[in-house]
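Biologist: I would like to learn how to read a structure feature by feature. Please take the features in turn and point to each one in the model.

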Amino acid sequence: MKLKIRTGFGYDVHQLQEGLDFWLGGIKIPHTHGALGHSDADVLVHVICDALLGAANMRDIGFHFSDKDPQYKGIDSKILLKEVIHLLALEGYEIGNIDSTICLQEPKVNPHIPAMKSCLAQVMGIPEQDISIKATTTEHLGFVGKKEGVAAFATVLIIKQ
Ligand SMILES: [Zn+2]
């Protein structure tokens, strides 16, 4: 059978609000503010889900896990990611690699990246070396720079043998 390789892309934004838990890359980041959302609002996990679903042409995270559905209220996004991996596996797809960027003015994300990689590798059942996480500020420009929100981007390759 022919080897099939497909690419996918994900983008997401969440508002930041004072006093909320800040879930990012599957772990809780110590900070005065956290991301607002129907789930735990983990923007990195959401873009990875969207990139994987996009690569398989299986719509997006909101299509599978509606933000109107009370069963997903406050849900750990890692549960959604596991379900996405399962949906792809049913179609015969495995993950090749993931590359991502988090856009956040503060706090510094870099010290947390090893813990995020380790957590997400475990959730997805893939080696850490197949997950790249990068972080950037936006030099105080725009909603990220003004600390009003957090954004993330991800690209993935998926493979069907
Ligand atoms: Zn989201």
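**Strands, zinc and a pocket**

Modeller: Strand β5 pairs with strand β6 (residues 131-136) in the parallel sense, over six bridges. This is a predicted model, so every value here is computed.

Biologist: Which residue of β6 is the bridge partner of Asp99?

Modeller: Asp99 has Ser132 as its bridge partner in β6.

Biologist: Which peptide bond is cis, and what is its omega?

Modeller: The bond that joins Glu106 and Pro107 is cis, with omega about 0°. Pro107 is placed in the loop between β5 and α4.

Biologist: How many bridges join β5 to strand β7, and in which sense do the two run?

Modeller: Strand β7 covers residues 149-160, runs antiparallel to β5 and is joined to it by nine bridges. Two pairs can be picked out by eye. Ile98 stands opposite Val156 of β7, and Ser100 has Ala154 of β7 as its bridge partner.

Biologist: How many residues of β5 are buried?

Modeller: Burial is read from relative accessible area, and under 20% counts as buried. Strand β5 spans residues 94-103, and seven of its 10 residues are buried, so the strand is mostly covered.

Biologist: How is β1 joined to β7?

Modeller: β1 and β7 run antiparallel and are joined by 12 bridges.

Biologist: Now the metal. Which residues are the protein donors of the zinc ion?

Modeller: For a metal site, list the donor atoms as well as the residues. The zinc ion has Asp12 through OD, His14 through NE2 and His46 through ND1, at 2.0 to 2.1 Å. Water is not among the atoms, so a site may look incomplete.

Biologist: What spacing do the donors follow along the chain?

Modeller: The donors of the zinc ion follow D-x1-H-x31-H.

Biologist: Are Asp12 and His14 buried or exposed?

Modeller: Asp12 has a relative accessible area of 18%, so it counts as buried. His14, at 11%, is buried as well.

Biologist: Next, the largest pocket. How much space lies in it?

Modeller: About 260 Å³ lies in the largest pocket. Its lining has 14 residues, and those nearest the centre are His46, Ile61, Gly62, Phe65 and Asp67. His46, one of these, is also a donor of the zinc ion.

Biologist: Which elements give two or more residues to the lining of the largest pocket?

Modeller: They are β1 (4-18), α1 (43-55) and α2 (61-64). The most comes from β1, which gives three residues.

Biologist: What classes of residue make up the lining of the largest pocket?

Modeller: The lining has five nonpolar residues, six polar and three charged.

Biologist: How should I read a pair that is apart in sequence?

Modeller: Val144 and Gln15 are 129 residues apart along the chain, and their C-alpha atoms are separated by 9.2 Å. Val144 belongs to helix α5 (residues 142-145) and, with 4% relative accessibility, counts as buried. For another pair, Phe22 and Thr32 are 10 residues apart in sequence, with 8.5 Å from C-alpha to C-alpha. Phe22 is in strand β2 (residues 22-24) and is buried, at 1% relative accessibility.

Biologist: Last, the backbone angles. What is the phi of Asn57?

Modeller: Asn57 has a positive phi of about 55°, although it is not a glycine. Its place is the loop between α1 and α2. Over 50% relative accessible area counts as exposed, so Asn57, at 62%, is exposed.

Biologist: And where does Glu139 lie?

Modeller: Glu139 lies in the loop between β6 and α5. Glu139 is not a glycine either, and its phi is positive, about 55°. The relative accessible area of Glu139 is 62%, so this residue is exposed.

Note on methods: Residues are numbered from 1 along each chain as its sequence is written. This is a predicted model: local features need pLDDT of at least 70, side-chain atom pairs count only at pLDDT 80 or more; totals for chains, interfaces and linings use all residues. Side-chain values use heavy atoms; hydrogens and water are left out. On a 1 Å grid over the protein atoms alone, a cavity is a set of points where a 1.4 Å probe fits but cannot get out, and a pocket is an open set with protein on both sides within 12 Å along at least five of seven lines; lining residues have an atom within 4 Å of a point. Grid points are joined across faces, edges and corners, and a volume is the space filled by probe spheres set on the points. Helices (H or I, at least four residues) and strands (E, at least two) are DSSP runs, numbered from the N terminus. Ala, Val, Leu, Ile, Met, Phe, Trp, Tyr, Cys and Pro count as nonpolar, Asp, Glu, Lys and Arg as charged, and the others, Gly among them, as polar. Donors are N, O and S atoms within 2.8 Å of the metal (3.2 Å for Na, K and Ca); water is not among the atoms, so sites may look incomplete. Buried means under 20% relative accessible area, exposed over 50%, partly exposed in between (1.4 Å probe, protein chains only). Two strands pair if DSSP finds at least two bridges between them.
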